Each structure stands twice: as structure tokens, then as C-alpha cells.
Amino acid sequence: LTLLPWGLLADRIGERRVLAGGLGACGLLALAIAFVDEFVPLVVLLALIGAAGASVNSASGRAVMSWFGAEERGLALGIRQGSTPLGGVVSALALPAIAEAGGLRAAFLFLGALVSVAAAAGGIVLRDVPADSGVEEAPRVLRDRRLWRLASAGGLYLVAQLAVTGFVVLYLHDERDLSNQEAGGVLAAMQALAIIVRVALGRWSD
């Protein structure tokens with residue numbers, strides 16, 4: 001629900017501020033959630049984390065389209081898309097041990113600190129590319145049915161990915177009696193393979 005607003009904002013104020021601001025908010029929310037014990041506030045904060053984190057997709061996608069030519073965007077997008085499974089690798093390897101040693105609070109503190117560092121890095125490294133933002137064309141683009149068909153199809157593909165990555169550790173732990181660390185290792189291996197495949201397919205598409 002927030003990908004489109006973040007994209008429209010990136011067109012207006014640039015990728016760097018959107019990425020750094022959205023990720024910064026995401027990091028602060030993750031730090032705050034470490035001190036929440038009740039279910040409803042937990043769900044609300046998790047939803048807000050997802051809403052803020054969506055800024056990365058809109059801002060980084062726009063940056064790639066601005067920085068790279070048509071013949072190299074596939075590889076660039078593949079590398080950019082590799083950030084998601086890379087985060088999965090780090091989380092799968094680190095979070096079980098952190099949660100076992102310090103509980104869920106320590107895990108969220110780790111995530112909040114990690115995302116906050118990423119926000120600072122993005123704000124320092126990312127540079128907006130001067131280009132025609134096309135803000136005035138947004139209403140016309142949004143009326144194009146092809147865009148909505150493409151977005152809907154992409155969303156359906158993501159359902160399976162999110163289901164597998166979101167529940168594979170729980171399934172392996174509860175149904176296959178793997179330890180949290182072993183199940184996390186399986187997820188890390190899956191995500192590492194996903195990085196390779198995304199980059200390779202991006203290059204192939206070029």
C-alpha cells in the first residue's frame with residue numbers, strides 16, 4: 001500500500017531522501033518494537049515497519065532506472081534485488097543465536113541497529129541523478145491498465161516467495177525438529193542461492 005506513495009515522493013524529492021528517511025524510520029520503529037510486550041501494538045509497529053521499509057524498493061528502483069542504460073539495467077536491478085536475500089542471509093544466520101542469548105528484544109534491537117546503519121549509509125552514498133522526474137505524467141501513467149496488470153502479476157509471484165521465506169524456519173523447527181540455528185542455516189542457503197540467481201537472470205535479461 002505504500003510503494004506507490006513512496007515512488008511518487010521519490011519523483012518529487014529524490015531517491016536519497018526517500019531511502020534514508022524511510023529506512024531511518026524503519027530502524028527507529030524496530031528499536032521501539034523491542035520494548036513492546038502487547039500483541040496489538042506489536043502488530044501495528046510491524047505494519048508500520050513494512051510501510052516505512054517499502055521506501056527502499058521505490059527509491060532504489062528509480063535510482064537504477066536513472067543511472068543505467070537499457071542494456072545494463074537487468075544486471076543492475078538483479079544486484080539491487082539481491083539486497084533482499086542478502087538481508088535474509090544475515091538475519092537467518094544471526095537472529096537465532098541473538099534471540100537464544102538475549103531473547104526477542106535483543107533480536108529487534110539488532111535489526112533496528114542494522115537498518116539504522118543502512119539508512120545512514122544510503123544517505124551518505126546515494127546521490128540523486130538530475131533528470132526529468134515526470135511527476136506531471138503520473139496521473140496518466142496510473143490510468144494505464146498495463147501497469148496494473150504487471151503490478152498484479154508481480155504481486156502474485158511474490159506471494160509464494162514471502163510464504164516460503166516467512167515460514168520455512170518455523171516449519172523446519174516445528175515439523176522437522178531442526179534447531180533454530182539449523183533451520184536458519186537452511187534459509188541462509190536458500191537466500192544465498194537467490195542472490196546468485198537474481199544477478200544471473202538480470203544479466204541474462206540484458
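What share of the contacts in the protein chain with a separation of 6 or more comes from residues 24 or more positions apart? The share is 71%, with contact meaning heavy atoms within 4.5 Å.

## Basis of the model

This is a predicted model: local features need pLDDT of at least 70, side-chain atom pairs count only at pLDDT 80 or more, and totals for chains, interfaces and linings use all residues. Residues are numbered from 1 along each chain as its sequence is written, and side-chain values use heavy atoms, without hydrogens and water.

## Fold and dimensions

The protein chain holds nine helices and zero strands. These are DSSP runs numbered from the N terminus (helices: H or I, at least four residues; strands: E, at least two). The radius of gyration is 18 Å, close to the 17 Å that the globule rule gives for 206 residues, so the protein chain is as compact as a globular protein of that length. The radius is taken over C-alpha atoms, and the rule is 2.2 Å times the number of residues to the power 0.38. Along the principal axes, the C-alpha atoms fill a box of roughly 50 × 35 × 30 Å.

## Burial

Of the 206 residues in the protein chain, 27% are buried. Buried means under 20% relative accessible area, exposed over 50%, and partly exposed in between (1.4 Å probe, protein chains only).

## A loop residue

Asp-177 sits in the loop between α8 (145–175) and α9 (180–205). Its phi is near 60 degrees, a positive value in a residue other than glycine. Most residues other than glycine have a negative phi. Asp-177 counts as exposed because its relative accessibility is 67%.
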